[in-house]
Structures are given as structure tokens and as C-alpha cells.
Amino acid sequence: AALGSLLAERQPPKPIGASAIVGSFGMPLDEVALVDVSSGLLVPAALETLWQALQARGEALRSEGIFRLSTSESELVETRRRLNGGDAGDAALEEASAHCLASLIKSHLRELPSPMWRPVHAQARELLAAMPKGGAALGNQLRGLLQKLPRRAAEVLIWACEVMAAVIAHERDNRMGIAAITAVFAPVIMR
């Protein structure tokens with residue numbers, strides 16, 4: 001499926017619940033519970049749970065600076081503690097602000113023990129340095145690199161691109177265009 005279509009067109013999986021998040025931060029992709037989000041695209045259940053909770057906020061994706069603006073450190077720490085501990089995790093998801101949920105998604109990606117692009121990192125850097133900004137050629141080259149990644153890493157990267165596309169769809173309200181969302185996610189997924 002084309003980027004920008006999976007999250008917009010797919011039927012969301014049944015709500016997973018906060019139990020999918022317990023102990024998942026910092027775990028390797030091959031050791032976490034996975035959920036099928038679209039015709040075989042498997043991603044960590046924790047990421048999809050956080051994404052579902054964020055979308056359940058109704059206008060959350062229209063919030064100015066979603067994924068760019070952070071929540072208070074105290075809300076982030078307390079929500080994460082409640083989610084990791086499993087006690088009242090579903091309530092923690094419901095009570096967390098949209099910016100807190102977005103921050104938790106970024107944290108989950110950032111704390112993966114193995115950088116997702118590691119197997120092709122040097123190739124990706126060379127490609128990005130040599131190519132003009134944007135364009136179909138760059139997209140095709142990046143898709144080629146995506147195919148060289150371990151399956152779970154590739155699936156999480158596709159999922160992250162779909163999340164970014166969903167955010168960009170509300171750029172008029174959230175002021176998160178391609179450049180803004182890329183600036184936020186690049187350090188997280190390209191490390």
C-alpha cells in the first residue's frame with residue numbers, strides 16, 4: 001500500500017488496551033507483542049495502543065504542534081509509570097493528554113535497543129546527501145533500502161510514516177507539515 005493510505009483507509013484493530021504496553025519500552029522488536037494493523041503489517045501492540053488512544057481524543061491530530069510540543073515531565077513520568085506498572089493502565093491512557101501520548105510514541109521508538117536503520121544506515125546517509133530534496137527518485141531509493149531492513153524494523157518504519165501522513169493531513173490546524181513532522185521523527189527513527 002502507498003504511504004499515506006494505510007492508516008487512513010484501514011479498519012482499526014480492536015482496541016488492545018494498556019496491558020500491551022507493560023514492560024514494552026526499551027524491548028527489541030522481536031520480543032514484544034505485535035498486532036496486525038493492515039493486511040499483515042505487524043507493529044508493536046504498545047505503539048498501536050498509544051496511537052489508538054491518541055486518535056480517540058477526537059481533535060488530537062488537529063492540536064497545534066502535535067508530536068512537536070511536549071507535555072509536562074511530571075505527566076509523562078506519571079503516565080509511563082502507570083502504564084508500565086499495569087495498575088490502572090487503561091485509565092492512564094484515557095487521562096493522558098494528546099501531547100503526552102504523542103511523546104510516549106516517540107519515546108517508545110527512541111528507546112528501541114537497536115536503531116531501525118542500522119543495517120542500511122551508511123547507504124541511507126549517502127543517498128540523502130546525494131539526492132535533491134524530495135522527489136519520486138528519492139522515495140524509490142528509500143523504498144529499496146526499506147526492503148533490506150529486518151521485517152519488524154521495516155514494518156515499524158512504514159507504520160511511523162503512516163502516522164506522520166495522518167498528522168500532515170491536518171496541517172492547516174496543527175501546523176505540522178512535512179518539514180515539521182520530519183524534523184520531529186527523523187532523530188527518533190534515523191538514529
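Is Glu111 buried, partly exposed or exposed? Glu111 is partly exposed, at a relative accessible area of 29%; here buried denotes under 20% relative accessible area, exposed over 50%, and partly exposed in between, with a 1.4 Å probe and protein chains only.

Colleagues, this is a predicted model, in which local features need pLDDT of at least 70, side-chain atom pairs count only at pLDDT 80 or more, and totals for chains, interfaces and linings use all residues. Residues are numbered from 1 along each chain as its sequence is written, and side-chain values use heavy atoms, with hydrogens and water left out.

Let me turn to the salt bridges. The structure holds seven of them, a salt bridge being a side-chain nitrogen of Lys or Arg within 4 Å of a carboxyl oxygen of Asp or Glu. One of them joins Arg80 to Glu111 at 2.5 Å, N to O. This pair links distant parts of the chain, 31 residues apart: Arg80 is in helix α3, and Glu111 is in the loop between α5 (98-110) and α6 (121-130). Helices are DSSP runs (H or I, at least four residues), numbered from the N terminus. Arg80 is partly exposed, at 22%.

Within helix α3, Arg81 and Glu78 lie three residues apart, about one turn of the helix, and their side chains form a salt bridge of 2.7 Å, N to O.

Finally, the backbone. Phe67 has a positive phi of about 80° although it is not a glycine, and Phe67 is buried at 1% relative accessibility. Arg175 likewise is not a glycine and has a positive phi, of about 60°; Arg175 is exposed, at 57%.

Conventions
Helices (H or I, at least four residues) and strands (E, at least two) are DSSP runs, numbered from the N terminus.
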